[in-house]
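Dear colleague,

I am passing this structure on to you, and below it you will find some notes on what turned up. Please read them with the model open beside you.

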Amino acid sequence: MAMSHKRRSNKIDIESLLLLRQRKEELKKLPIPADQNISFKKYEVTVTKTMTKTKKDIERVSKYASDILEELKNVRELVKFCSVKIGEQLQELMKNYLIKIESSAQDFTEEKTLTRKDIDMKALEQVNILQGLAKQQQELMEFIAKTEDLVIKIEKNADLSLSDIHGVKGQMKQWCDGLETLEEKERKRRKEQEEVERKKMEKEEAERLTKEEEDRKKREQEEAEKRKAQQEEREAEEKRRKQEEEKKKRDWKNWPPFIYYNTTQNKFRQDICCVIFTLPDGTKDGDFVCKSSDGDDDLDKCLETNDEQVISPLITIKAKIDKKTLELPMRVYVPIVSHTESLLPTLKFSIKGQKWRSGKSLPEIQLPKVTGISFIGIELPFNQLENVQCVAVARHK
């Protein structure tokens, strides 16, 4: 509808100018009364026709000028109303909103200086915009006034000068420039706002990515620490298990007994020659050869004092190979016969016929499926076995 009205206005403008220009050209073409090439009668008809047509066209244009004045009056009133509302809003902002509520007027004296934090920047921006609009309305009112003066002069057929036309054109340009300035300011404000929003989004995105990266690294670190703790726990558990196994392995009470039997009957009437305990590191019962002797000569050699009493055969233990290296000392048990309770049983050993020595005494043992036999045992304090002899004797306590 607005576009249709604008097209009609433009059409009327063009028609009015065209009519005036046509009349101007027709008036220029009128012959002079003294022209010898035309009769006076024809001259009269031509001038009368031209003047009549010119009068009608000027009446049409004058009517259009009256319509313009009426519309300009209506527009002026609307612009005035708009300017009044802008002024009222400016007063309201300046009075009630420009200074923040928490910093009310009574908190300040005439000499006190306001700071940025005391000013509502949003209200200040609105004041600035409304001031620009008010100036624009004022320039528009001046432009309308100059246009009305120009139309009135045209309507009254008053003298016009170039300055009249230039004045209206200048006022129009000033108003249009003001519009462009406001539009440019608005575009700039929108652009700045868009830039602020863009930077804000970029900052938020960067912060989000940074937080995601920090969270990822934190999770990875926590998972790595968790895996490390689990690995350390597994290793500690494995270490404890191995230590327990090693401890259990090195406890001779968990070693399997190698039981060696006598191949011939002796006067002590013992079927078992001796019992050996060694670390289960691959050592087998076949790695040793054990035999007993109950000959008087052999037994007499075992006595060191007159108060000793032999209570077992002489046991000889040899490595089946030249030497048997042991990780831990072996334990040897020998069956003994009954003796006087006042005497203390002791197991002695001798390496390659050397002096008899006493080893570390061991607690009594109970062998599976073996009953009615007492054993006495010692720990042999060496790790290489070649040839060792053992005998149990009873001594006075």
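Rings of Phe, Tyr and Trp (its six-membered ring) count as a pair if their centres lie within 6.5 Å, with planes under 30 degrees apart called stacked, over 60 edge-to-face and the rest tilted. The model is a predicted one, in which local features need pLDDT of at least 70 and side-chain atom pairs count only at pLDDT 80 or more, while totals for chains, interfaces and linings use all residues. Residues are numbered from 1 along each chain as its sequence is written, and side-chain values use heavy atoms, with hydrogens and water left out.

By this rule there are 4 aromatic pairs. F277 and Y333 form an edge-to-face pair, 5.9 Å centre to centre and with 75° between the planes, and this pair links strand 2 to strand 7 across 56 residues (strands are DSSP E runs of at least two residues, numbered from the N terminus). Both F277 and Y333 are buried, that is, under 20% relative accessible area with a 1.4 Å probe, protein chains only. Ring pairs also join W252 to F277 and Y333 in a cluster.

Elsewhere, K348 lies in strand 8 (residues 343-351) and is buried, with a relative accessible area of 0%. The side chain of K348 makes a polar contact with the side chain of E308 at 3.3 Å (N or O atoms within 3.5 Å, where one must be able to donate a hydrogen and the other to accept it, and residues adjacent in sequence count only if both atoms are side-chain atoms).

Technical notes:
Helix = DSSP H or I, 4+ residues; strand = E, 2+ residues; numbered from the N terminus. Buried < 20%, exposed > 50% of the residue type's maximum accessible area, 1.4 Å probe, protein only.
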